[in-house]
Amino acid sequence: MVCACAISCSSDEDRPPEVPTTPKAAASATGAAEPPKITVDLTKIASELAATYAVQATLIESMAKGRNLTAAETEKYWASKGDAARQCDEICQMLRKNPRWQRQMTAALEANTKQRIIQVSKCTKSFDAARKNGSAGKPASAPPEAVVTAMNKFGMSEVRVKGFMPYTKKEME
């Protein structure tokens, strides 16, 4: 009886790895991460925040020019301050749950909100200078307790969201 044994010269360890042929397979094989799937409208979120800051800028500018706000304007002003704090907190909460969305959220904020943030900053500087000179207007009433609570509770979130974007010295002057 004759026994024929076939001996292979190559083993699985010696064989070169297979190269994926599709780009998606190649990306996953090389460890490159696919872009995160965004399930919310980041542009809408950034635009809503921009609208809130636009209200603030308009009313702060008005007070910087020495005009006192009416009761309705004061209500809009305080509501926009509270809304901005809450919206920024919602953005931070969303990014804590989905940290891979950070780059896309920052891009949406830069495209839609950054100019309004800069506008509020400039108006606030003018308002502070007018207050120092004694020529600034003022709101018709103090902020409601709910707005104060929101601003205190979510103030750091607002600072964090504003800090997502780089600002140049030229933009802020």
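The structure is a predicted model, in which local features need pLDDT of at least 70, side-chain atom pairs count only at pLDDT 80 or more, and totals for chains, interfaces and linings use all residues. Residues are numbered from 1 along each chain as its sequence is written, and side-chain values use heavy atoms, with hydrogens and water left out. The chain has seven helices and zero strands.

**Overall layout**

- Read along the sequence, the pattern is α-α-α-α-α-α-α. Helices (H or I, at least four residues) and strands (E, at least two) are DSSP runs, numbered from the N terminus.
- The chain has 173 residues, and 31% of them count as buried. Buried means under 20% relative accessible area, exposed means over 50%, and partly exposed lies in between (1.4 Å probe, protein chains only).
- Contact means heavy atoms within 4.5 Å. Among contacts between residues at least 6 apart in sequence, 85% join residues at least 24 apart.

**The nonpolar core**

- A nonpolar core is a set of buried Ala, Val, Leu, Ile, Met, Phe, Trp, Tyr and Cys residues joined through side-chain atoms within 4.5 Å.
- The largest one holds 30 residues. Leu-49, Ile-91, Met-105, Leu-109 and Val-161 touch the most other members.
- H2 supplies the largest share, nine residues.
- Leave aside neighbours within four places in sequence, and Leu-49 is in contact with Ala-84, Gln-87, Cys-88, Ile-91, Leu-109, Thr-113 and Val-161.

**How H3 and H4 pack**

- Two packed helices are described by the angle between their axes and the distance between the axes.
- The axes of H3 and H4 come within 10 Å and cross at roughly 155 degrees. Axes are lines fitted to C-alpha atoms, for helices over the stretch in contact, and angles run from 0 to 180 degrees between N-to-C directions.
- H3 and H4 are therefore roughly antiparallel to each other. Angles under 35 degrees count as roughly parallel, over 145 as roughly antiparallel, 65 to 115 as roughly perpendicular and the rest as oblique.
- On the H3 side, Ile-91, Met-94 and Leu-95 meet Gln-102, Met-105 and Leu-109 of H4.

**Cysteines**

- The structure holds zero disulfides. A disulfide is a pair of cysteine sulfur atoms within 2.5 Å.
- The closest cysteine sulfur to that of Cys-88 is in Cys-92, 6.8 Å away, which is too far for a bond.
- Cys-88 is buried, at 0% relative accessibility. Cys-123 is buried too, at 10%.

**The aromatic pair**

- A search of the whole structure finds one aromatic pair. Tyr-77 and Trp-78 form this tilted pair, 4.9 Å centre to centre with 55 degrees between the planes.
- Rings of Phe, Tyr and Trp (its six-membered ring) pair if their centres lie within 6.5 Å; planes under 30 degrees apart count as stacked, over 60 as edge-to-face and the rest as tilted.
- Tyr-77 is buried at 8% relative accessible area, and Trp-78 is buried at 12%.

**Two more residues**

- Thr-106 sits in helix H4 and counts as buried at 12% relative accessibility. Beyond its neighbours within four places in sequence, Thr-106 is in contact with Phe-164 and Met-165.
- Ala-72 lies in helix H3 and counts as exposed at 51% relative accessibility. Ala-72 and Ala-140 are 68 residues apart along the chain, and their C-alpha atoms are separated by 8.8 Å.
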